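Here's a quick tour for anyone meeting this structure for the first time. Have a look at it, then read on.

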4 protein chains.
Amino acid sequence: MVKTSVSVVVNGYGVIGKRVADAVLRQPDMRLVGVADVVADWRIKLAASKGLPVYASTADRVSEMAKKGLKVSGTLEELLRNGAVDVVVDCTPAKVGARNRELYEKYGVKAVFQGGEKHEVAGVSFVAQRNYSEALGRQFVRVVSCNTTAICRVIGGIHEKIGVKKARVVVFRRAVDVWESSRTGIMNTVVPELQVPSHHGPDAQTVIKDLDIVTMAAKGSHNLYHLHMAMVEVRSKVTVEDVLKVVEEEPRVIFVSGEDGVDGLNAIFELSRDLGRPRGDLYEIPVWKDSVSVSQDGLEVYLIWATPNESNVVPENVDAIRAITELEKEARASISKTDEYLGIVKRVY
Amino acid sequence: MVKTSVSVVVNGYGVIGKRVADAVLRQPDMRLVGVADVVADWRIKLAASKGLPVYASTADRVSEMAKKGLKVSGTLEELLRNGAVDVVVDCTPAKVGARNRELYEKYGVKAVFQGGEKHEVAGVSFVAQRNYSEALGRQFVRVVSCNTTAICRVIGGIHEKIGVKKARVVVFRRAVDVWESSRTGIMNTVVPELQVPSHHGPDAQTVIKDLDIVTMAAKGSHNLYHLHMAMVEVRSKVTVEDVLKVVEEEPRVIFVSGEDGVDGLNAIFELSRDLGRPRGDLYEIPVWKDSVSVSQDGLEVYLIWATPNESNVVPENVDAIRAITELEKEARASISKTDEYLGIVKRVY
Amino acid sequence: MVKTSVSVVVNGYGVIGKRVADAVLRQPDMRLVGVADVVADWRIKLAASKGLPVYASTADRVSEMAKKGLKVSGTLEELLRNGAVDVVVDCTPAKVGARNRELYEKYGVKAVFQGGEKHEVAGVSFVAQRNYSEALGRQFVRVVSCNTTAICRVIGGIHEKIGVKKARVVVFRRAVDVWESSRTGIMNTVVPELQVPSHHGPDAQTVIKDLDIVTMAAKGSHNLYHLHMAMVEVRSKVTVEDVLKVVEEEPRVIFVSGEDGVDGLNAIFELSRDLGRPRGDLYEIPVWKDSVSVSQDGLEVYLIWATPNESNVVPENVDAIRAITELEKEARASISKTDEYLGIVKRVY
Amino acid sequence: MVKTSVSVVVNGYGVIGKRVADAVLRQPDMRLVGVADVVADWRIKLAASKGLPVYASTADRVSEMAKKGLKVSGTLEELLRNGAVDVVVDCTPAKVGARNRELYEKYGVKAVFQGGEKHEVAGVSFVAQRNYSEALGRQFVRVVSCNTTAICRVIGGIHEKIGVKKARVVVFRRAVDVWESSRTGIMNTVVPELQVPSHHGPDAQTVIKDLDIVTMAAKGSHNLYHLHMAMVEVRSKVTVEDVLKVVEEEPRVIFVSGEDGVDGLNAIFELSRDLGRPRGDLYEIPVWKDSVSVSQDGLEVYLIWATPNESNVVPENVDAIRAITELEKEARASISKTDEYLGIVKRVY
């Protein structure tokens, strides 16, 4: 019998978790059973005030959370035990997901992990437009990080259509998330990742196995959006127009332009808020059209894009749910549904 | 004959203008005729792509704007001349509004100015919950700046209910707006306003005539939300509970709490995005409940709040339209409508 | 017998410790025996490479520090035991000094603590120009924090010469120090201290017992220099000139001016680097001359200054050594020596 | 007759100019005749208060500068006319130097321009350790920008000793200088240079003609030091040790290490202040030793360094003076003198 709807719980109601929860609520073929967390601050209280059933991720947190005035509907394990859940989207902090895997195995529930976990946690690392079919029917899948997702969308498209000989990408990361910027930020500095290559390159290879890529990374003194600068050696001569066409065809990649006044990450954030999505989110990767360049010999491509770190993996999580539950067998069908329900577009203006 | 609906145009589609335009669109008793501007960057292109009629604020900008691929429906003056507009909300940059006043007089159209203009431009400076009736039926009204609005809401409430002997407020301003943070920002510094008192105190007195207040100000190295620290000598002994009650009763003032994890402007921004308003806006003034204190003798009150500079004057603009057009005769009735249509609340969680 | 020279060790070679060590090296009546710390990072390695004897603050750190390639001359306790030290300047992190006190008592050595410790640790809290004589001959003294020192210099001077009825000071703090800005900073936010009054007011009262003062504080998104905004009710009518005269007379307070282009903390830092002191340090409190204002009734004074948090307590530490060892009996004599050897001036240009 | 000493004037007393002036003062074979500028803010007033003769760069500025209380010794042209100057170091803002060239030609005076000018202004672009001899005896020479100087030092060394096939460098620039951070900064954003390649690559080729290099650049939200990330294809197989050896041999390049706690630009700035140079300057290029890596096939080298933008070109300016005046015929002799008098080292600790 084919499933036409699945029940989802989100474990970890942080930056990614709350966005995935809201995105699941907008999918007609999904039902959000509840959200789970271990704290009871304003974020989870707001979820409760919106009517979302809140569970404790672990039994030892129930009393503490209740004591802070939060209505706790039970523990995640109780919820899994009673069979109400088809898929857990695990958005807990890095490494915690790996420990949770045992729980999901115990109750035979499917799970989507995030990029903070290692590839081995799920065995399949996922970017919808690259390897949807690889995740079909699997118990576990890992949606790669925002940075790796962005690389797989943009460089992956160039690799499929033109052929990449070697890609070099430098990632200028936002230092910390907005909500935690009152504690663990960096100030008036750049902090490089001294290990070269950074993990992003090898991580992209868990999705696109034959991609030759090396990455370097540094944290900048800003808390929203990563900036990627790519230098891509290609296998055949191309023109700027060739590259623009390939990038334009990719789902969830859009163009912005310095000529229109979009001159920095701040302008992209202002633009994304104007688009009217929840929280001012941006699911697409905005590529600066006027940055796309080609070397004189036509064999190296340069381009710059922003990675909306809070939200660009949200549609991938939705697609990952469809893939592992086989709600949709084809990538394009799932992507198309997700994009429709989240309002994802190919042209922003 | 009593009007039951008014036609509005927004002149100046910037940080405030675009928000006022969207707010007008949500009022059943108002119709947005269009928006006017002088440039054709991504912001106004996005307005056009949403179907909003776009006008040139001045005739000399038409060709330039059209050349950049924007559909221009004509000039603002043409629109005013044909009688299609009851109210212009002038959200042009500081000082420009004063020059526009002549145009509005020429066509006998009513206008709402912003706090960047001087009090004299309109003769009435406006905060809905303080002096709505003063604006009734006037041709011109000036909605005061975000900072002054916040002071009038919070200190004004204490003044009305308890009586203020002397208020001292220090304003830590955001340096520049998000969209322009790629050009005119400040970095790793604080820039004080060397003129003491800063203009905020006298400006609050244009709304609350008998308020004794002095303000000092400085710009901080952040681009979102001002922070206000108030030291308020009151006319009679109070307790913390007295103050909390007064603040809680004020419209468009809410409590947040450090205990719940709201520890800085960043947390308030995260919270406001979670609330689900357009652009992650916050119309209310969030007062830190745990900052409210009273001196040992009960005669001085201390409190700290954030001023969401992009959006807290948006409901005032809507009320100002109702006041000058007499769509509503009573402050409370207008405030109540505005709050309903914009989703303004008294408790966020 | 009168001492004409004292031996000093600095315990804790951090932001303050390294500056105090260098300042002691410049005093002809003091001898720097060595510095002590618990880590062996580049900071202490640089001290060693300059030829400073380095000790382990605690015995359990010796092997770890030596393993990192640092030449460790022994433990602080060994040094104290052999009687080579007259004064320890304890610049260890807040609260650690309190624990170290026992060690100093055990060996009967005098000690200067910093403002991160409570007043009770020493019993005397110290600002040279306010209460030098109180510290004469004591075993322990506590140099108050940079913020409290600045308040005692500026407001203390007004109190002595004019008489303060009530002072209200708002402190806009730098978030963290430069060296740790890669880990624990704040980003694009302001973080208020929700407890009102902040600790600075009561702390100033440990030095100036009869000063009525209330303070509020917030951390800003910058890592260098605090900004203070003061509103001071005075006991008799004054003019701006009266205030300027009083401020000018205070030691270690200088004027800067917006008219000369000194418009923010960044300009003061640039100026301080141009002055040519070690590390670009500034020992004086720069008051913006053009910020000094008086209310219409002449009974309230307003002024704005910067507090060079890394270095303004350095001369106080030097004076504190002289006071407790009675190298100098008079405040003015010690201040004068310290200022000469550190190059402290009354006019910077 | 061989000159043994030259007279120098610095035109433009800004970030670079004031440092070059101080550096010239430290060279026994140079005499600083004075400095010239067009404004009279605190920076130039401080120069005057130190006893430096101050000239107006242009005649029309004399009265304005004098009116602000500055002692003006005359105009730059008068100074050049009376033959007192051998070399002008032109540190005026970009493009102004090109206009000044005519003046220098008129009086037959030699001049050193900065990297803000085009190569054509001087015809010779200069980095001491790369092409000193090319500048020998020339009337004009251009010291390239801080970024280009850094690239020429590090990549140039690898090119000379190992051979570079193709270098790719990404430059994360500081947005603006400290002193102007109160006006023209960027906030919580990254602003990419949309033109690819950025000008740095072609600019390096004006010094090292046969270097194949491509660069991309972006401005980050910090105001001190650039960060460079380099990916360098080399002509023969190398090991990490090979690369370390080559980098270590280069003059004015030093190693820092994340292991010692130098984890970001902030730590490098703290370190540079601890070194005790004027203004906390750093003349060397600090390369992170732990970032130096080599690809598996040994044919690509990765490394990360900081570029101390305020000061790393200061020694080059000194050497440029010696080269064009032929005070020294050999690069190594001039570099050695400059390094001695400025305290430049190969190991910082």
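Let's start with one pair: Ala111(C) has Phe140(C) as its bridge partner in E7(C). This is a predicted model, where local features need pLDDT of at least 70, side-chain atom pairs count only at pLDDT 80 or more, and totals for chains, interfaces and linings use all residues. Residues are numbered from 1 along each chain as its sequence is written, while chains are lettered from A and ligands numbered from 1 in the order in which they are written.

**The sheet in chain C**
- Strand E5 (residues 110-113) and strand E7 (residues 140-143) of chain C run parallel and share three bridges; strands are DSSP runs of E, at least two residues, and helices are runs of H or I, at least four, numbered from the N terminus.
- Pairing takes at least two DSSP bridges between two strands, and in chain C it gives an open, parallel sheet of seven strands ordered E3-E2-E1-E4-E5-E7-E6.

**Chain A overall**
- Chain A has 13 helices and 15 strands.
- The C-alpha atoms of chain A fill a box of roughly 65 × 50 × 40 Å along the principal axes.
- In chain A, 64% of the 349 residues count as buried, meaning that 20 or more other C-beta atoms, placed from the backbone, lie within 10 Å of the residue's own.

**Where A meets C**
- Chain A and chain C each bring 13 residues to the contact, which requires C-beta atoms, placed from the backbone, within 7 Å.

Notes: Two residues are in contact if their C-beta atoms, placed from the backbone, lie within 7 Å. A residue is buried if 20 or more other C-beta atoms lie within 10 Å of its own, exposed if 12 or fewer, and partly exposed in between; C-beta atoms are placed from the backbone.
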